[in-house]
Amino acid sequence: MMRPGAKQYVVARPLYSEESFTEEYQKVYRHRKTKMDLIKQYFTCDAKRAKNAALSLLPVIGWIKIYRIKEWLLSDIVSGVSTGLVAVLQGLAYCLLANLPAWYGLFSAFFPVIIYFFLGTSRHISVGPFPVLCLMIGSVVNRLVPSEEGLPALVNITAFKGLNLYEQRVLVASSVTFLAGIMQLAMGIFQVGFVVMYLSDTLVSGFTTAAAIHILVSQLKFVLGLPVRVRLHGFLNLISLVIMVVVFIVKEINDRFKSKLPVPIPIEVIMTVIACGVSYAFDFKTKYGIDVVGHIPQGYEPPMAPDLEIFEHTIMEAFPMAIVGFAVAFSVAKVYSVKHDYTIDGNQELIAFGFSNIFGASFKSFAASTALSRSAVQESTGGKTQVAGLLSAIIVMIVTFALGFLLDPLPKSVLGAVVIVNLKGMLMQFRDIPYLWRRDTPDCVVWIVTCAASVVLGLDLGLAVGVGVELISVILRTQFPRCCVLANINGTDIYKDRKDYFDIYEPEGVKIFRIPSPIFFANIEFFRNKLVEALGFNPLRVLRKRNKALRTIRKLLKKGDLQWTSVSFLNTSFGPIKESEDESNMEDLDLVDLHSLILDFAAVSFLDISALKGLKTILKELIRVEVEVYIVACDTYVLEKLHRCCFFDDEIEPSMFFLTLHDAMLHILEKHPESIKKKFDYKKVKKTRQIVFI
């Protein structure tokens, strides 16, 4: 029943097969570029392409031309100062995860930001230390340069000679960062940013949650004052817990009332200032043995070349760092680009982060990405462009050159508390599990396996396991798609799954089968089995039985037991027919009550060679048992591939392809009008003296 007032459309057109449509409507000829054409085009340069390349490699040119000084500058200044203060604190805090002296975190909050200002396409992310990357770097540093406790080094590196412990660690961290930057730059230059698309939001969520667990465990020693041996400081350790609670509560207030607050309350900075003052006033380091940040050297150290020998020992860790750093930054950048209506370029982002890490590593900073909380500060405080990021880097530079001494008495337990509080967003991702389980169980499995593997096996192997499980889930979904039999919705040209609707129409002797995925070597057998299940008979079995029956007839004719009449074979022997294996096979002969099959290829995006061979075999079996097969809504490129691969012959003809499902159905009803009137009456012959073959 059509609802009252529903809009209608009426179309009068001829019935089209693919051949008839092509004959009536001429296609536009498009020259397909060869690989050599693409190579020539890639290396060809003219003025226009040079201009586009410059704008692409230096996105700052694009947005600086439209910069609204009166409207945006003040917002960028406020945002830059706020973000800079947070970047200073997080740079010091996250450096603990990398097992490096705290002030090297200030380097990572400065050098990569300068490069990203010119090369990055996102206007809102805050580039700098990211806790997950810091933890991954820390694991490499610990492996190559064990802690002060006298553990032997696993490898002997020539460049370590003459360097103290911290210098060795800085060399390892900067070298692995340099290598990760080279990998990111190479991926950007060769336009393989799509690799990161294999890291789904679900996988990244599970991975970062596991990283948050690692970070939480690693920071408890600072928060509880357990750096070497079990040694609690009573009330003083309680300070860290109080700081965590206060920072957490104020951050919740910032989130809840962000629409009413002009800028978020910089509670981390406030608590840091208070902690520094109290620590200085009561001399925590001398009187109570509290571990503090200590002396922060003024200025920057001279550039340093990476060590090639370290490259050999860290290449396996550098690759996941390059992927994770870019994936997280790109995910955050996408969110803000959609919110503020501009585009970002994945390959250019790889180039930007590659150069940022290469340049930063030369000045002893470690791998940069973006911290979610810091980017949120930059955007929520009114940041419009990367001018805010540049100003935040200037704030970091001022602290490094002039104000660093004020942070000398800062207890490391406070930095640990800051790190833990900023893990809230990642740890709260555990709430995704029930939602994923209800909505998409395979995605939930990917999340759980990735998280568990990253916790148990480590972040690098855990990421590899997660990617493997994710690819397996995609393969399984493609290999075992939900095939269905379609039926016509009465009074329309719409066809839906017959199990989902009541008011449907199914002409007798016609089946419509749909496979909603590409057909390839891994699922062609599944496709065949599902098709046989939908048909209710196996065409190969029917064909074999018919051939066996024909051999039996020839044998009986040869013996003279059968004679050909005008309508049938007549058994000339008298008396009851003896039971024999041949006769029982004839009596068990399958008779097909189907004359037409429509295959809906609307969702079939490609077929490989194995699928072509398998499909051709299936079609021939059906045609030989007198079932007409029609393929509808086939993609143009799939159809072209069928022609190129000599798919068609005397049995399988291009005329079986129709433009739409309804075109094929109308063609069948016109060819078989009895399908509309009544059900076919196929007689199965039991034990009689006359055998009729229809």
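**Exercises on aromatic rings**

At 1% relative accessibility, Phe657 counts as buried, a word that stands for under 20% relative accessible area, with exposed for over 50% and partly exposed in between (1.4 Å probe, protein chains only). The model is predicted, so that local features need pLDDT of at least 70 and side-chain atom pairs count only at pLDDT 80 or more, while totals for chains, interfaces and linings use all residues. Residues are numbered from 1 along each chain as its sequence is written, and side-chain values use heavy atoms, with hydrogens and water left out.

**Exercise 1.** Find how many aromatic pairs there are, and classify the pair of Phe513 and Phe527.

*Solution.* Rings of Phe, Tyr and Trp (its six-membered ring) pair if their centres lie within 6.5 Å, and planes under 30 degrees apart count as stacked, over 60 as edge-to-face and the rest as tilted. This rule gives 29 aromatic pairs. For Phe513 and Phe527 the centres are 5.9 Å apart and the planes stand at 55°, so the pair is tilted. Phe513 is buried at 4% relative accessibility, and Phe527 is buried at 0%.

**Exercise 2.** Classify the aromatic pair of Phe648 and Phe657, and decide whether Phe648 is buried or exposed.

*Solution.* The distance between the centres is 5.7 Å and the angle between the planes is 80°, and the pair is edge-to-face. Phe648, with a relative accessible area of 19%, is buried.

**Exercise 3.** Which residues do ring pairs link into a cluster with Trp103?

*Solution.* The cluster holds Trp103 together with Tyr104, Phe107, Phe110, Phe111, Tyr300, Phe359, Phe363 and Phe401.
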